[in-house]
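This report goes through one protein model, from the whole chain down to single residues. Please keep the structure in view while reading.

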Amino acid sequence: MSTSPAEPASFDAARIDAAVDALRPDLVEFARSLVRIPSVSGSEQDAQRAIAAKYESLGLSVDIVPSLREELESHPAFSDDAIPFVDRLNVVARWKGTGGGRSLILNGHMDVVPPGDLSKWTRDPWGGEVEGDRLYGRGACDMKCGLAAVVFAVQALQAGGVKLPGDVMLQSVIGEESGGVGTLATIVRGYRADACVILEPMNLRIAPVQTGALTFRITVNGRAAHACMKPHGVSAITEFLPIASALEHLNVDRHQRYRDPLFDDPNNIASLSLGTVHAGDWPSTVPDLLVAEGRLGVFPNESVAEARAALEATVRVVAARRAWLKDNPPVVTWVEGQFEPGTTPIGAPIVEQVATSHEEVTGTAASLFGVPCGTDLRLFTRHAGIPTVLYGPGNIIHAHAADEYISIEQVITCTKVLARTIVAWCGAGTA
Ligand SMILES: [Zn+2]
């Protein structure tokens, strides 16, 4: 058993691991109970009340943080998810330290995406079924078991009699899947710590970097005519095709210019992808309008303005080469869902600490990587100045999918890693 010099003398890692193992049945039952409460974005409150009650049962001081439009909409990171703001409460529980230690936020989101086509499920999405090592259900992987792991890491430490100088804050937020208003509300409320771990399903890999994502709309106007008189019209579809092709090339070019070994796939870091194309209203009419929408990724070293400019310039270049589009330029607009990238340096103490704890528990070196999607990490790193990593149980390929599930063994491993991380981080003095 290894203990870093920063850990208090009373810390016994084997005892903490044993405490986690002893709590395993309770942890699984608690995670199942959360999965059984449907908490699709906008309807998170019953599940939030359940976790608040659990926090209180551990003797933590619980603060209910409402998400208030009037407090959030002027914030530069505000992303309007169009869900009414009534009764969208976040829960922050504090395990108060004895003073003088480093503080840590452990953040997770309670909202889940809808189950989708129920005929694709072989399990009840809200059943919390357990079979072998798997816990099934919407949110099992993304990310109710992560929230449960945090709760039971603290409970195991309490059972082991651990007292720490630094504060541990457990955050259960709403609205992550739809833009992050929950985490933003905690930041606006003033919650800060020396570091943060977000329990996203990273398959127990550590992600200190995320890319950003923007939503764009391109409107192309043509001129309507009967299809039998095609030469008298201008098809918005035909005019759009070279734009679509240029955007595919832009995606390839942008990836060739950006190199970062932290990302698994060098060609899929900040992807540009068309999502919807709507044009025309009659089969034998030359269409006079096309509206396309898509997602533009933002590289970690790039600003939102730079990413937007790259796409707008590409559309402009195509338009300049075409007789019709030169006089009738396509219009690019940026619609809701604007996510900045976020980065914590890989040498940051929290990255090293989670890596150390992971290695101690699993016996294998931690794997660092960058995630090619938006998460709440960006809010902490850019708007609260808090070094943050994503680290949690579950494989993201099972998230948002039918028959979503998680490996219970991985949840237990994560709980042990979190417990050690808490002790090592909050047991050390402030810098
Ligand atoms: Zn998630």
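## Overall build

What percentage of the 431 residues of the protein count as buried? The figure is 49%. The model is a predicted one, and its chain forms 12 helices and 18 strands.

The C-alpha trace spans about 85 × 45 × 40 Å along the principal axes of the protein. For 431 residues, a compact globule would have a radius of gyration near 22 Å, and the protein, at 24 Å, agrees with that. Contacts between residues at least 6 apart in sequence can also be sorted by separation: 82% of them join residues at least 24 apart.

## Two domains

The domain assignment divides the protein into domain 1, made of 13–210 + 342–426, and domain 2, made of 212–339. Their centres, taken over C-alpha atoms, are separated by 36 Å.

Where the domains touch, 12 residues of domain 1 are in contact with 16 residues of domain 2.

## Helix 3

Helix 3 covers residues 45–57, which is 13 residues. From its first C-alpha to its last it reaches 18 Å, close to the 18 Å expected at 1.5 Å a residue. Just after helix 3 comes Gly-59, with a positive phi of about 80 degrees.

The buried residues of helix 3 are Ala-47, Gln-48, Ile-51, Ala-52, Lys-54 and Tyr-55. Why do the buried residues of helix 3 line one face of the helix? Seen down the helix axis they fall within an arc of 160 degrees, so they share one face. On the other side of helix 3, Asp-46, Ala-53 and Ser-57 are exposed. The elements covering the buried residues of helix 3 include helix 2 (24–35), helix 5 (140–159), strand 1 (61–66), strand 2 (89–95) and strand 6 (168–173).

## Asn-107

Asn-107 lies in strand 3, residues 104–109. Is Asn-107 buried or exposed? A residue is buried if 20 or more other C-beta atoms lie within 10 Å of its own. Asn-107 has 33 C-beta neighbours inside 10 Å, and therefore counts as buried.

Val-197 is 90 residues away from Asn-107 along the chain, yet their C-alpha atoms are separated by 6.3 Å. Leaving out residues up to four places away in sequence, Asn-107 touches Gln-171, Val-173, Thr-183, Cys-196, Ile-198 and Asp-376.

## Leu-311

Leu-311 is part of helix 8, residues 304–320. With 22 C-beta neighbours inside 10 Å, Leu-311 counts as buried because the cut-off is 20 or more. Apart from neighbours within four places in sequence, the residues in contact with Leu-311 are Phe-216, Leu-250, Leu-296 and Val-332.

Conventions:
Residues numbered from 1 in each chain as written. Predicted model: local features only at pLDDT ≥ 70, side-chain atom pairs only at ≥ 80, totals over all residues. Helix = DSSP H or I, 4+ residues; strand = E, 2+ residues; numbered from the N terminus. Rg over C-alpha atoms; globule rule 2.2 N^0.38 Å. Buried ≥ 20, exposed ≤ 12 C-beta atoms within 10 Å, placed from the backbone. Contact = placed C-beta atoms within 7 Å. Domains from an automatic or database assignment. Expected span 1.5 Å × (residues − 1). Arc of directions from axis to C-beta.
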